[in-house]
Amino acid sequence: MRDLIALASIGLGSLFVLWCALETRPPRRPGRHSVAHRAPETLPTLTGPRMKPWPTPTPEHVRERHLPLRGEDTALIRPYALAADTLNLGVIRERRTAAVLATLGVDYPYGYEGDQFEALAALAAGATA
């Protein structure tokens with residue numbers, strides 16, 4: 001029995017060495033970050049029974065979102081818009097202040113540029129008269 005176990009272990013070991021030497025494993029696929037695994041340069045075409053093309057052309061910013069980033073075309077520092085340039089935070093702050101004071105029972109008259117309070121007050125006065 002000991003001889004059989006020794007012969008089996010030697011036989012299995014030699015088969016393993018032979019298998020490793022012949023490299024009978026399947027070929028490797030390219031990795032996610034290799035050049036062979038790059039995203040396509042164009043947008044994918046959607047097909048299916050319920051898919052029909054959109055009647056208007058796709059906007060440029062949507063097309064750019066689906067294309068892969070290239071190092072030559074991408075800036076090192078992304079230009080972001082400042083919130084002070086795009087949002088008028090003073091109006092929001094005034095409304096929040098008025099809402100908080102209204103919960104406390106204080107009447108806080110506020111206004112901002114482009115408000116419609118005078119027009120609405122004139123309509124309300126016309127409706128009651």
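Biologist: What share of the chain's accessible surface belongs to carbon and sulfur atoms?

Modeller: This is a predicted model; local features need pLDDT of at least 70, side-chain atom pairs count only at pLDDT 80 or more, and totals for chains, interfaces and linings use all residues. Residues are numbered from 1 along each chain as its sequence is written, and side-chain values use heavy atoms, with hydrogens and water left out. Areas come from the Shrake-Rupley method with a 1.4 Å probe, and for residues only the protein chains shown count as cover. The accessible surface of the chain is about 12800 Å², and the carbon and sulfur share is 62%.

Biologist: Where is confidence lowest, and where is it highest?

Modeller: pLDDT is the predictor's confidence in each residue, from 0 to 100. Its mean over the chain is 77, with 73% of residues at 70 or more. The lowest mean, 60, falls in helix 3 (residues 83–86), and the highest, 86, in helix 4.

Biologist: Which pattern does the chain follow along the sequence?

Modeller: Helices (H or I, at least four residues) and strands (E, at least two) are DSSP runs, numbered from the N terminus. The chain has 5 helices and 0 strands. Its pattern is α-α-α-α-α.

Biologist: Which residues form the nonpolar patch on the surface?

Modeller: Patches take residues with over 30% relative accessible area and no salt bridge; like charges are joined within 9 Å, nonpolar side chains (Val, Leu, Ile, Met, Phe, Trp, Tyr) within 5 Å. Leu-12 sits in helix 1 and is exposed, at 59% relative accessibility. Together the patch has about 430 Å² of accessible area, and its members are Leu-12, Leu-15, Leu-18 and Leu-22.

Biologist: What distance separates the end C-alpha atoms of helix 1?

Modeller: The expected span is 1.5 Å times one less than the number of residues. For the 21 residues of helix 1 (residues 2–22), that gives 30 Å, and the end C-alpha atoms agree at 30 Å.

Biologist: Which residue forms a salt bridge with Arg-63?

Modeller: A salt bridge is a side-chain nitrogen of Lys or Arg within 4 Å of a carboxyl oxygen of Asp or Glu. The count is 1. The closest N and O atoms are 3.1 Å apart, and the partner is Glu-60.

Key:
Buried < 20%, exposed > 50% of the residue type's maximum accessible area, 1.4 Å probe, protein only.
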